[in-house]
Amino acid sequence: MTSSRNSAHISSFLVRFILPTILTMALFLAAFFSIIIPTIENNSLERKREMIRELTNSAWTILSTLENEVQLGRIDTLQAQRQAMDQIKNLHYGHEMKDYFWINDMSPRMVIHPYRPDLDGASLANYTDPDGKRIFIEMVKLVTAQGSGYVAYSWQWQDEEARIIPKLSYVKGFAPWGWIIGTGIYIDDVKAEIKTITNNLIKISLSILFIISLLLAFIASQSYKAMKKQQLAEKALRESEEKYRTLVESAAEGMVMSLEGTIMYANQPIADLLGYSLEELLRMETARLFLPSEDPGENNFMTLLLEGRRVPERFEAQIRSKNGNLIDITLSAAPISLGGKTGFMAVVSDITTRKKERSRLGASEEKFRSMVNNLNVGLFRISLGKNPRFIEANPALVQILGYPSKESLFAEPLLDLYFNRDDYKTLGHATGPHGLKREIVRFVRKDGSSFHAAIWGVRVLDKNGRISCFDGILEDISALVLQEERNTRLISQMQAALMYHNQRIGSLSLRPATDCPASTPIYEAIGMMEAEHAHALLVREADKITGWLSDQEIRQAISQKMPPLTTPVSAIMSSPIPTLPEQASVFEAWADMRHNRHPHLFITNNKGDIIGNMTGNDILAIQHYSPSVLLDAIRESSSPDELIRTSGIAPFLLTTLIESGVKPQNINSLTTQISDTILTRLIVFATQELGPPPTRFAFIVFGSVGREEQTLKTDQDNAIIFEDVPADQEPSVQKYFLALGKKVCTWMNAAGYTFCEGNNMAMNPEYCQPLSTWKQYFSRWIFSATAEDLLRIKIFFDFRTAYGDTALEDELRCHIEGIASENFRFFQMLARNILQMAPPIGLFGNFIVETSGPKRGAFEMKSAMMPIVDFARIYAIKNKIRAANTITRLDTLHELKILNDINHQEMIQAYTYLMQIRLRVHAKAIASGKHSPSNHVFPRSLTSIEQKLLKEIFSQTKNFQVKLSYDFTGQINNG
């Protein structure tokens with residue numbers, strides 16, 4: 001029986017181990033020669049193909065980089081090609097650095113070949129390899145059809161002309177220059193490499209087969225011992241089966257079996273929970289994992305379990321993980337006896353997450369309770385019935401209603417808290433199934449004072465669906481109601497003022513215009529003014545009015561040691577004469593006097609004759625209307641929050657003025673005055689918080705703000721220039737001004753002047769610098785004149801001081817004028833950059849509009865205006881004109897005879913009309929409720945006359961660009 005069983009074991013051993021091993025070896029050899037070696041060959045060749053493709057792409061990148069330099073205007077195409085040829089010719093790789101790249105063009109003609117200089121510049125149209133293949137014609141066809149690809153042919157091996165072998169190359173076309181660049185591999189080299197790899201693998205495989213044979217012999221010699229051990233293993237297996245069967249029948253989660261204080265079995269879930277491997281857990285002392293409680297007052301079931309005593313069927317405990325952490329668990333334990341050994345079997349459930357959630361829930365409840373008690377909004381619950389009262393309230397509600405405690409509030413009848421008891425009907429009866437929507441109700445505090453509150457609420461139903469109480473929120477909005485009333489009054493004043501703003505000057509009672517000859521002695525002129533009760537006197541010379549005289553000139557002459565009274569008035573008169581046509585509005589007169597500081601204005605009729613004059617006192621009433629009211633309210637604001645609330649009126653005021661037909665220049669001027677006033681006041685608030693500035697500084701604005709051409713859509717463009725200080729003091733000084741810039745910019749953003757997307761703001765350390773650094777900035781921008789530098793010039797050159805020491809601005813302008821005015825290259829680069837900005841009009845006179853997206857069919861008006869702005873700026877820089885405003889720049893260019901009368905008039909009219917359209921679009925957006933109006937204009941929304949006028953303006957703008965191109969580049973650019 002035993003012999004038969006041994007024979008069976010031997011036969012089984014041969015069938016199960018020896019035969020599969022031999023078959024495996026055979027399969028290995030078959031797979032090795034039929035699959036592995038061919039695969040290696042294919043992969044090796046594919047890697048080589050991929051290598052030359054990536055190398056060619058890398059070399060192609062050199063050409064692309066140089067072409068980009070050409071596009072940026074840094075070098076010309078010929079220079080770029082020469083640099084490319086030099087770099088490619090010296091570019092080698094591979095063994096002994098003999099592998100190379102070549103370049104030919106699409107003719108084909110050889111551009112550069114490192115090893116065949118005899119072909120450089122030669123035609124390759126008829127060049128063939130030994131097999132008659134027209135290699136380079138094939139390359140041209142491939143690049144024309146696909147742009148790049150592989151070509152197989154025969155070629156000399158590296159630099160050995162006599163050795164011709166098969167070659168595979170990858171070529172790629174470079175379209176901008178009409179070039180083809182390529183490199184390749186020699187097929188013989190690849191085959192030699194593959195042969196070497198194959199031979200090595202065969203040697204390794206034979207070695208492995210030899211080792212396996214030795215192992216088989218060793219296995220055979222150990223067969224008898226293995227059979228004996230197998231018999232013992234069968235017995236152990238039966239015992240193991242009993243253990244696993246018991247565990248599987250008893251456990252559902254983490255499972256542990258402990259016998260005589262040692263872990264005999266653990267499943268994978270408990271190993272994962274503790275961070276051990278199964279091998280580490282086996283034979284581990286049970287007490288190392290299961291911990292008795294350290295709390296003497298707590299039932300220590302774990303200790304009882306380890307001692308083999310009775311414990312509850314399920315209890316909570318702690319278990320120690322491999323990293324020492326304690327894990328909260330529930331334990332289901334049962335005693336067992338196995339092989340004469342006693343112990344227990346336990347099912348372990350991790351409850352860490354559950355306990356954390358329980359703890360988190362408690363913390364959330366406490367946090368919510370704390371939040372409710374600390375809210376500034378009142379939360380309450382009210383009982384219902386004939387005598388309703390508060391039955392729950394948070395501290396905020398008690399404070400809002402002015403009661404010393406919850407108890408005193410709960411004792412007060414709810415109806416007594418309503419200023420009007422009928423309002424309770426809203427609270428009690430108007431609440432539907434979705435609750436009470438926001439209602440404004442007037443309440444009475446304990447001290448008898450009343451206030452406005454917003455109240456929300458919802459009915460609370462009991463389990464039978466009946467109303468049991470009422471929960472709600474009450475918020476004191478007295479301050480908001482007061483502010484709304486102030487805004488309403490202010491808007492009413494503004495609306496009432498519109499008729500006066502738009503009233504024609506000619507409809508007012510004008511003072512008569514008195515004149516005298518230029519030779520009239522001063523004393524006679526004074527007598528004439530007293531006799532006529534006139535504040536101003538016109539001076540006439542040969543039937544032409546040449547100047548004017550007012551009591552201001554006389555007072556000034558007296559303060560400066562007045563000449564004899566017999567001196568002619570022409571010696572002290574002022575010129576030119578400030579005039580406005582009688583069709584102008586009162587607002588225009590007020591804005592002109594305020595902006596130009598004219599104490600008098602002379603009014604002209606349709607023929608240009610002066611028919612009267614007016615003083616600031618004559619239109620003093622305007623000081624009581626909208627613009628002045630708003631500006632005064634901003635100046636008198638006591639905090640940033642109050643100023644921000646007040647400034648919210650500005651868009652509506654400006655919209656009203658736009659719709660009333662006020663001139664665009666006046667709208668721009670008023671918008672600038674408002675923003676400057678807001679900025680000035682906010683800087684004052686900031687210095688009050690931060691303390692006085694450590695040194696002189698100028699808070700400058702630039703861009704459209706610097707040009708005083710703000711619209712209803714303007715972001716922030718500002719910076720800080722501070723006086724140069726010793727190097728050791730500069731960090732602390734800059735820290736102060738950065739803090740000031742951050743406060744001011746943040747407040748400006750809240751007031752509706754949004755942060756600059758390009759971060760061109762005083763809160764950016766780059767733009768909060770001493771004067772010397774700003775000089776370096778402008779020097780670098782002007783002398784480098786890169787595309788980015790020119791963009792900065794176009795933004796930063798239009799700057800002015802909105803607050804602070806203007807001497808710093810003057811010194812910076814002197815520096816800019818000194819380095820820019822004669823820098824021909826700078827003006828040439830700036831002009832070329834400007835000429836890239838063309839008006840949105842096509843070759844055939846059609847608008848160029850966006851073709852996709854939400855603005856499809858529209859053009860951007862801000863960009864359409866930039867050619868005129870850029871035109872005025874470049875001529876202003878060239879001629880040292882310090883004014884930043886576009887209209888003022890054009891006027892000055894006209895005075896300097898740089899613009900003739902017709903061009904000056906056309907540009908002024910064009911710019912004014914474009915600004916009018918832009919402001920109108922903004923006003924329409926504000927009126928429709930949009931807080932951020934767009935600069936896009938849809939031509940279809942304009943009348944046919946407006947469209948024709950815009951097309952004419954855009955066409956004329958191109959003519960202006962022709963002049964600019966000729967003056968600064970020496971070329972006539974026709975767009």
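How many salt bridges does a search of the whole structure find? The search finds 28. A salt bridge here is a side-chain nitrogen of Lys or Arg within 4 Å of a carboxyl oxygen of Asp or Glu.

The model is predicted: local features need pLDDT of at least 70, side-chain atom pairs count only at pLDDT 80 or more, and totals for chains, interfaces and linings use all residues. Residues are numbered from 1 along each chain as its sequence is written, and side-chain values use heavy atoms, with hydrogens and water left out.

**Exercise 1.** Characterise the pair Glu280 and Lys322.

Step 1. Take the distance: the closest N and O atoms are 3.1 Å apart.
Step 2. Place the residues. Glu280 is in helix 7 (residues 278-281), and Lys322 is in the loop between strand 9 (314-320) and strand 10 (326-338). Helices (H or I, at least four residues) and strands (E, at least two) are DSSP runs, numbered from the N terminus.
Step 3. Read the separation: 42 residues.
Step 4. Check accessibility. Glu280 has 35% and is partly exposed. Lys322 has 45% and is also partly exposed. Buried means under 20% relative accessible area, exposed over 50%, partly exposed in between (1.4 Å probe, protein chains only).

**Exercise 2.** Do likewise for Arg707 and Asp798.

Step 1. Their side chains meet in a salt bridge at 2.9 Å, N to O.
Step 2. Arg707 lies in the loop between strand 23 (697-701) and strand 24 (718-722), Asp798 in the loop between helix 23 (787-796) and strand 26 (800-804), so the bridge ties together parts 91 residues apart in sequence.
Step 3. Both Arg707 and Asp798 are buried.
Step 4. Widen the view: a salt-bridge network links Arg707, Glu709, Lys794, Asp798, Asp870, Arg873 and Arg889.
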